[in-house]
Amino acid sequence: MSVGLRGPFPAYIGLRGVVPVTTPSGFLGPFPAYIGLRGVTGEAPTPPSPSVGGSISGGCFSRGRWRKLCREFEERAERIRRKRERAALQAALAAAREATEAAEASAAAAAVEAELAKAQRAIEAAAGAKRVADVLAQASLAAAHSQAVLRAIAEYEEEEQIVVNLLLLN
């Protein structure tokens with residue numbers, strides 16, 4: 001332990017002089033003054049600031065170099081913009097391709113449904129034609145039967161007339 005300005009504290013001789021190094025948790029150790037610990041005066045020290053314009057002034061950074069950096073930045077921004085546009089165009093193209101395929105698939109499905117409906121109507125028409133043919137066949141049988149009945153009635157009436165004539169003549 002070394003002796004600081006106000007008593008026996010562990011201390012660190014830093015950029016701003018002797019700084020006691022105690023923390024609320026009781027840890028003692030050497031820290032620079034700009035970490036945020038209280039200095040000798042009790043105020044929080046400020047971190048050291050870099051010199052203003054130290055790396056730019058003095059001819060280290062010319063206007064030509066600045067323009068070159070600006071051009072490189074703009075070119076990079078343009079490349080990024082073109083890359084995003086290309087990605088957006090590819091996504092739009094893929095979406096259009098999927099929409100076209102879906103439309104073609106739905107058109108094909110509609111054509112198949114139309115063919116199925118047409119086949120169903122043909123089957124119903126064939127069934128109806130069979131019923132009509134059955135009805136016509138039954139009608140021709142009924143007509144033949146009714147003609148046979150009419151002939152039988154005509155023969156019966158003829159025989160009856162003959163019997164009436166014979167009875168009247170006698």
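Let's start with exposure: a residue is called buried under 20% relative accessible area, exposed over 50%, and partly exposed in between, using a 1.4 Å probe and protein chains only. What you're looking at is a predicted model, where local features need pLDDT of at least 70, side-chain atom pairs count only at pLDDT 80 or more, and totals for chains, interfaces and linings use all residues. Residues are numbered from 1 along each chain as its sequence is written, and side-chain values use heavy atoms, with hydrogens and water left out.

With 46% relative accessibility, Lys68 counts as partly exposed. Lys68 sits in helix H1, which covers residues 63–169; helices here are DSSP runs (H or I, at least four residues), as are strands (E, at least two), numbered from the N terminus.

Together with Arg63, Arg65, Arg67 and Arg71, Lys68 makes up a patch of positive charge on the surface. To join such a patch, a residue needs over 30% relative accessible area and no salt bridge, and like charges are linked within 9 Å (for nonpolar side chains, Val, Leu, Ile, Met, Phe, Trp and Tyr, the limit is 5 Å). Lys and Arg count as positive, Asp and Glu as negative, while His and the chain ends are not counted. Each charge is placed at NZ of Lys, CZ of Arg, CG of Asp or CD of Glu.

Now for the paired charges. A salt bridge means a side-chain nitrogen of Lys or Arg within 4 Å of a carboxyl oxygen of Asp or Glu, and the whole structure has 4 of them.

Take Glu78, which pairs with Arg81, their closest N and O atoms 2.1 Å apart. Those two are about one helical turn from each other, because they are 3 residues apart in helix H1. Glu78 is partly exposed at 29%, and so are Arg81 at 37% and Arg82 at 40%.

Terms used: Accessible areas come from the Shrake-Rupley method with a 1.4 Å probe; for residues, only the protein chains shown count as cover.
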